[in-house]
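Subject: Structure for you to look at

Hello,

Here is the structure I promised to pass on.

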Amino acid sequence: MNLASLVAAHAKRTPGKRAVVVPHGRDSRGRVAYTHLTFGQVEDEIEAFARGLSGIGIERGMKVVLMVRPGLDFLPLTYALFRLGAVPVLIDPGMGRKNLLHCIRQVGPEAFIGVPLAHLARKLFPRSFAKIRIHVTIGRRWLWGGYAMADIHQPTGEAVPAPTTQPEELAAIIFTTGSTGPPKGVEYTHGMFAAQVATLGQAFGLTSDDIDMPGFALFALYTLAMGLTVIIPDMDPTRPALVTPERIIEAVTDHGATFSFGSPALWNRVSLHCLEHGIRLPSLRGITMAGAPIPGYLHERMLGHILGGGAEIHTPYGATECLPVTSFEGSRILAETLGKTQAGAGYCVGRPLPGISLRVIRIHDEALPRWSQVEELPTGEIGEIVVQGAVVSRRYHQLPEKTRLHKIYETADEKGGPFWHRIGDAGYLDDAGRLWFCGRVAHRVVTGDATLYTVCCEALVNNHPAVYRSALVGLGSDRYRQEPVLIVEPAEGHFPADDAGAAKLREELMAIVRGNPLTASIGKLMFHRSFPVDIRHNAKIFREKLAVWAAEQPECRGGVS
């Protein structure tokens, strides 16, 4: 069981079909020139890299940090590692020096393949890279030595025998975004990857006839394995909220892309440009948005003004440790659940996908080693969401304490027996079996008299036209007796110009807060110019950072900064 075998099968069936397309400069009139690899060429590249990597000592089970920009080399390199049975370690670019070094130390990789800037970090902070003995530079080598691209790309020679990787065998280590703490390395097995490919294809109705434009580069690992043509857009993958809309639009229209996976922050920016210039994207029959709850206005904008008739927006729910768990359509959100969401009921993410078991249990902040210790909650009661299925990772890499905290085992066999993953989210099931997401468990604010959930409370003020988004945080050292504070990021052009403007907007918003029993206990509201967000989707709000910021604000100024 190996994703590389799926790509090989597509190469055998349709060797001349375009597989990976990337922008490659512009002509004198500003038009984009593209270069591409067919599936046959991708398979040849995978074989060339597998031959070269094997020649320098990369072997089955070896952990290999891969820090290469999306392009013609990224996918063949990754699949070559899969083919050899090596374990690519995939770390988000742009996560910052501290988190990057933390991730490297946590994994203890033996090999490192990266662009020159990544190698510069390796030389500047050698202690974090102490276990690495094989270095490969994709680009110009400077003074650090090691191997170059020519050393690992061997187009001719004998084929490298591919090991028969097993479903339970470690295939990759992918890091979480770190939205509620330091990023954690999640172990992906070959069986988990295969289950994800099957589930994602079924959930989004994808076939090999589709053309993918991934706004999140790692998603291309799945769509290429499904046989889709992958169009790599001209964008900075660490800043989807700041994409140049014209470049996303041209990637879609130049190739007739039918599908795209991207952050709501990306599509918010692109859709505003489309709306302003009267641009439609009729070839896109499906868009998948993930990373944070998608506001109703974005569904309305995309479905009503930009996508063609019959197109759909998919909003899958899951996490790095378990993807996907549920999925819900944008058209149904608008028709069935948006009003309830805006009234504080949480965000509906749909029913569990085939092969997924989902339960809601009583919230506990400590470990729950056995399922016999769990209290399942009835329909409609908010609790902690736990999931089970083939797409769920069994452990974090070399983090036994985190694994114990997030896994619940049905039997004493913790290595191979059935288990449940504590996804870290709060929510509830409705009478139709649909899951409603209410926010992260770690972000709930317990006042001593009540428990406030972020998504439910924030939705009430997010309806105000002057509000872009909001964040509920708790102040105080006692986790179970905190003061709730609502922090608001005003919409563009609506940030208060002075204390009088702040007082007016605050009073309007506090009237909403005081008028609803969900939020009536919130007595303090502050304004913030730009929320800190994750680097993967630019959509997850770092509420821990906002709580620290709020605690530092002079109360007499009301938090205007």
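Predicted model: local features only at pLDDT ≥ 70, side-chain atom pairs only at ≥ 80, totals over all residues.

**Cores**

The largest nonpolar core has 64 residues. Seven names touch the most other members: Leu53, Ile58, Leu77, Tyr79, Ile113, Phe193 and Leu224. Helix α3 (residues 74-84) is the top contributor to this core, with eight residues.

Take Ile113 in more detail. Leaving aside residues up to four places away in sequence, Ile113 touches Leu53, Val64, Val65, Leu66, Met67, Val68, Leu77, Val136 and Ile138.

In soluble globular proteins, nonpolar side chains tend to be buried together.

**Surface**

Leu117, Leu120 and Leu124 make up a nonpolar surface patch. Together they have about 310 Å² of accessible area. Leu117 sits in helix α5, which spans residues 116-124. Why does Leu117 count as exposed? Its relative accessibility is 59%, and the cut-off for exposed is over 50%.

Asp209 is in the loop between α7 (190-204) and β10 (211-212). Asp209 is also exposed, because its relative accessible area is 68%. From Asp209 to Thr229 is 20 residues in sequence. In space, their C-alpha atoms are 8.1 Å apart.

Best wishes

Notes
Residues numbered from 1 in each chain as written. Heavy atoms only, no water. Helix = DSSP H or I, 4+ residues; strand = E, 2+ residues; numbered from the N terminus. Buried < 20%, exposed > 50% of the residue type's maximum accessible area, 1.4 Å probe, protein only. Patch = residues over 30% accessible without salt bridge, like charges linked within 9 Å, V, L, I, M, F, W, Y side chains within 5 Å. Areas by Shrake-Rupley, 256 points an atom, 1.4 Å probe, with all protein chains shown as cover. Salt bridge = Lys/Arg side-chain N within 4 Å of Asp/Glu carboxyl O. Core = buried A, V, L, I, M, F, W, Y, C linked by side-chain atoms within 4.5 Å. Contact = heavy atoms within 4.5 Å.
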